[in-house]
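Colleague: Please take one part of this model and look at it closely. I am after the side-chain contacts, with the cut-offs spelled out.

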Amino acid sequence: MEWQTLIDEPAVIAMAVLVLGLVVGYLVGRLNKELLSASGVPETVEGTPFERTAQSIGTSTVEIVARLSSWFIYGIAVLTAIHIAQLLDTDAFWFRVTEFIPQVFIAVLILILGFIIADKSELVVSEYLRGVKLPDVSVLPRLVKYSVLYVAFVLALGQIGVYVLPLVVLLAIFAAGAIVVGAIAFKDFLVSSAAGIYLLLEQPYGIGDRVQIGQQSGIVQEVDLLVTKIEDDSEEYIVPNRKVFEAEIVRERE
């Protein structure tokens, strides 16, 4: 009878819930770490600024995500234990707190994923544009990166209940402005692309032909969407396709 009375005590039940929450939280964290590692997340985030920052403080992206899942369960267990033990008579407050914790957890995950996706997007765009010999193109990777970060930031704020309509409107204005400014700033890029399409379709000269484009002359090595590469002895000239149309083209016959 005394054991039954002791078990029914709120403080005992609260302690049991707390211990169970700590155990479950630890196990969930370990399980998430194993699942993330098995799914190749460490290789995906390797080399990103977020991962380098995490490693500088003795942890990793996978560790942070796993710990967040553990801390989420720890927080729920602590709040539940406090409520059961009736340490505070503020049911409405604790209800709001327990409702808010999952939102914060998801918001943090969105930010982490945003940083990872932004870094990877910058690398992919940089790699794709590596062969483009136009100076204005170098700003595109960073523009993509910060656009992704901005979207992640807006989504995270919206998740925790912040009024984000002005930020969404600002994003729409930014996107419209980026299109207009991009059309002006990358005029040469667009013109070279259009010229490249014409050259690829009409083929006024081909690989192996000896041509003179403006002041450069040599044998055509490559013609792609943006540039024409010609080689003369030990020198290689990379001529933007827009300049092919601006300059006089001479195809030398043998």
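**Salt bridges, helix to helix**

Modeller: Glu 63 is partly exposed, at 21% relative accessible area. Partly exposed lies between buried (under 20%) and exposed (over 50%), using a 1.4 Å probe and protein chains only. This is a predicted model: local features need pLDDT of at least 70, side-chain atom pairs count only at pLDDT 80 or more, and totals for chains, interfaces and linings use all residues. Residues are numbered from 1 along each chain as its sequence is written, and side-chain values use heavy atoms, leaving out hydrogens and water.

Glu 63 forms a salt bridge with Lys 33, with the closest N and O atoms 2.5 Å apart. This pair links distant parts of the chain: Glu 63 is in helix α5 (residues 61-84), Lys 33 is in helix α2, and they are 30 residues apart. A salt bridge here is a side-chain nitrogen of Lys or Arg within 4 Å of a carboxyl oxygen of Asp or Glu. Helices are DSSP runs (H or I, at least four residues), numbered from the N terminus. Lys 33 is partly exposed too, at 30%. Arg 67 joins Lys 33 and Glu 63 in a network of salt bridges.

The count comes to five salt bridges. Another of them pairs Asp 119 with Lys 145, closest N and O atoms 3.6 Å apart. Asp 119 lies in helix α6 (residues 91-128) and Lys 145 in helix α7 (residues 140-159), so the pair ties together parts 26 residues apart in sequence. Both Asp 119 and Lys 145 are buried.

Lys 229 and Glu 222 also meet in a salt bridge, 3.6 Å from N to O. Lys 229 is partly exposed at 21%. Glu 222 is partly exposed at 30%.

Terms used:
Helices (H or I, at least four residues) and strands (E, at least two) are DSSP runs, numbered from the N terminus.
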